[in-house]
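Dear colleague,

Please find the structure below, handed over for your records. My notes on what was found in it follow directly after.

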Amino acid sequence: MKLVAEFEKNLTPLDEKTNVALPFIVADDFDFLRFTASYSPKRLTDRERAKELILLNLTRDNGNEKDTEKWESFLPLVNLVTLSLDDEKGYRGACHRQAEYQELFLSESEASPGLLQGKITKGKWKAVLNVHAIVTENCTYKLKIEGGDKNER
Amino acid sequence: MSVELYPCELHCHTLHSDGDFTVKELISEAKKRQLKGICLTDHNTVSGHKEALDSDLVILKGIEWTTYFGHMLCLDSNSYVDWRNAVPDNIDKKTDEVKQADGICGVAHPFQWGTPICTGGHWDFKVSKWENFSYIEVFSEGEPYLNDKNALAIEFWHSLLDKGYKIAPTMGRDWHRLKGNKNISACTYLYCEGELTADKMKQALKEGRTVVTTGVKFHFTVDGNFIVGDSLKAGEHTFTFNIDTSRQKQVDPEESYNFKELRLISKGGECVKTVSANKSTFEAELLKDRWYSLELWGDSGKKENTLLALTGAVYCK
């Protein structure tokens with residue numbers, strides 16, 4: 001397998017509710033792409049900070065006293081960053097799930113759940129980090145993209 | 001051709017996003033609940049659709065736009081519309097795009113907690129073009145009964161009807177897994193002529209022909225002819241209603257009901273008439289430029305004096 005691209009991105013609460021594009025070029029004739037995606041930390045372990053964020057959330061979304069009394073039921077607060085993908089022609093799907101570590105596979109005939117199978121075309125691709133929530137001060141996202149031919153599966 | 005009501009689940013997830021079901025397992029579980037149709041609405045992907053092709057359960061293909069500012073259900077678009085650039089101020093343009101792709105839009109769980117408790121779950125989009133929406137979930141979040149959030153959703157739905165928008169109420173289980181399911185026979189009934197198909201499910205939602213229920217099959221006709229979603233002339237009309245527990249008793253035998261009354265609801269959510277659930281017909285004076293929805297109230301095994309079912313509206317010209 002050949003390394004296509006590798007990224008390490010630091011995310012902060014300022015990145016929340018944004019899409020962070022990670023463009024890469026597929027220059028070879030690959031039968032498949034493999035993505036190894038992870039982010040850390042997942043959980044907010046600071047209980048007081050979690051309480052603060054939860055109460056802000058409840059107040060903003062019309063929560064009442066009954067809701068704020070049970071703030072602990074909303075623990076743990078977690079970071080959520082999902083991955084979506086585009087080739088030159090368009091969308092190749094998204095992997096929207098809580099897992100902070102995902103190994104994903106994409107080829108003409110197969111795709112990990114969430115991704116859309118199809119030819120691995122040469123040209124400009126884009127992995128997009130969909131930053132749904134960052135509750136910790138920092139969150140590091142790592143993405144490795146490798147390409148291979150069918151003999152290397 | 002006669003009109004039938006078909007029990008459906010309009011909001012489902014599989015492991016193509018964050019559900020626990022495979023597509024096959026979802027279909028199997030839906031059949032166990034005697035559902036006749038489902039909508040496959042994984043978060044931000046349609047990758048499960050190819051597995052739904054050979055299903056003998058009717059499946060209307062869709063996607064849940066899980067954005068940062070609200071979750072929107074988009075059904076049966078013929079091309080991809082990008083969810084990622086949807087923000088509160090451009091939602092009208094985005095729903096125009098879905099409409100141009102022949103899709104229909106529904107609001108998912110509008111009063112769910114937002115970020116970070118449930119990312120993007122609260123509806124924060126600034127919608128002007130409500131005519132681009134076919135439906136809104138009024139029972140949702142896996143709690144298909146009357147609670148604070150669902151009460152807010154019903155109130156919001158009423159306010160849209162007051163403004164003249166013909167928008168259907170639905171129940172969306174937001175079905176991810178079996179664990180924690182409440183009111184397992186709860187569903188949305190869709191009115192369709194003849195056999196159910198995916199196109200007819202879509203049409204029922206577009207025409208507002210829905211009934212939301214915690215479990216029982218409940219519906220009405222007006223003057224033996226008009227059904228939910230229809231327009232009729234102002235004046236005196238005869239409502240005939242029916243309560244059928246046969247599916248509910250098979251799917252959820254532990255549940256029991258004591259049906260107490262029907263409430264005819266109109267502008268502002270006002271109850272304009274109350275009728276005993278023991279009757280089967282009643283007369284009502286319907287006023288011009290008003291909408292009317294029927295609610296069924298009573299006791300369930302879990303809660304007394306609660307809303308058990310509500311219908312979409314009929315509209316008075």
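**Salt bridges within chain B**

In helix H2 of chain B, which spans residues 91-100, Glu97(B) and Lys93(B) sit four residues apart, about one turn of the helix. Please note that the model is a predicted one. The side chains of Glu97(B) and Lys93(B) form a salt bridge, with 3.5 Å between the closest N and O atoms. Glu97(B) is partly exposed at 25% relative accessibility, whereas Lys93(B) is exposed, with a relative accessible area of 55%.

Helix H2 of chain B also contributes Asp96(B) to a salt bridge with Lys129(B), at 2.9 Å from N to O. This pair links distant parts of the chain, since Lys129(B) belongs to the loop between S5 and S6 of chain B and lies 33 residues from Asp96(B). Both partners are partly exposed: Lys129(B) has a relative accessibility of 29%, and Asp96(B) has one of 21%.

A further salt bridge joins Glu261(B) and Arg263(B), whose closest N and O atoms are 2.7 Å apart. Glu261(B) is partly exposed at 24% relative accessibility, and Arg263(B) is likewise partly exposed, with a relative accessible area of 24%. Over all chains, the structure holds 25 salt bridges.

**The interface of chains A and B**

The size of an interface is often given as the accessible area lost when the parts come together. Chain B and chain A bury about 2600 Å² between them, and 57% of this area is on carbon and sulfur atoms. Of the area that chain B buries against chain A, 29% is supplied by Tyr68(B), Arg84(B) and Trp113(B), more than by any other three residues. The contact draws 37 residues from chain A and 25 residues from chain B.

Two salt bridges are found across this interface. By class, the side of chain B that touches chain A has 12 polar, nine nonpolar and four charged residues. Lys66(A) pairs with Asp148(B) in a salt bridge, the closest N and O atoms being 3.5 Å apart. Polar contacts across the interface of chain B and chain A number 19 residue pairs, both residues being at pLDDT 80 or more.

**Cysteines**

The structure holds zero disulfides over all chains. Cys39(B) is in no disulfide, and the nearest cysteine sulfur, that of Cys12(B), is 7.2 Å away. Cys39(B) counts as buried, at 0% relative accessibility.

**Backbone features in the loops**

Two cis peptide bonds may be of interest to you. One runs from Ser40(A) to Pro41(A), with omega near 0°. Pro41(A) lies in the loop between strand S3 (32-40) and helix H1 (47-60) of chain A. Another joins Thr115(B) and Pro116(B), with omega about 5°, and Pro116(B) is placed in the loop between strand S5 (104-107) and strand S6 (133-139) of chain B.

A positive phi in a residue other than glycine is found at Asp223(B), where the value is near 55°. Asp223(B) is in the loop between strand S10 (217-222) and S11 of chain B and is partly exposed, with a relative accessible area of 38%. Asp289(B) also has a positive phi, near 60°. The loop that holds Asp289(B) lies between strand S15 (281-286) and strand S16 (291-300) of chain B, and Asp289(B) is exposed, with a relative accessible area of 62%.

Lys233(B) is located in the loop between strand S11 (231-232) and strand S12 (235-244) of chain B. Lys233(B) is exposed, at a relative accessible area of 64%. Apart from neighbours within four places in sequence, Lys233(B) is in contact with Cys316(B) and Lys317(B).

**Chain A as a whole**

Chain A has two helices and eight strands, in the order β-β-β-α-α-β-β-β-β-β from the N terminus. Its C-alpha atoms fill a box of roughly 60 × 25 × 25 Å along the principal axes. Of the 153 residues in chain A, 48% are buried.

Yours sincerely

Technical notes
Residues are numbered from 1 along each chain as its sequence is written. Chains are lettered from A and ligands numbered from 1 in the order in which they are written. This is a predicted model: local features need pLDDT of at least 70, side-chain atom pairs count only at pLDDT 80 or more; totals for chains, interfaces and linings use all residues. Side-chain values use heavy atoms; hydrogens and water are left out. A disulfide is a pair of cysteine sulfur atoms within 2.5 Å. Buried means under 20% relative accessible area, exposed over 50%, partly exposed in between (1.4 Å probe, protein chains only). Contact means heavy atoms within 4.5 Å. Buried area is the accessible area (1.4 Å probe) that two parts lose on being put together, summed over both. A salt bridge is a side-chain nitrogen of Lys or Arg within 4 Å of a carboxyl oxygen of Asp or Glu. A polar contact is a pair of N or O atoms within 3.5 Å; within protein, one must be able to donate a hydrogen and the other to accept it, and residues adjacent in sequence count only if both atoms are side-chain atoms. Ala, Val, Leu, Ile, Met, Phe, Trp, Tyr, Cys and Pro count as nonpolar, Asp, Glu, Lys and Arg as charged, and the others, Gly among them, as polar.
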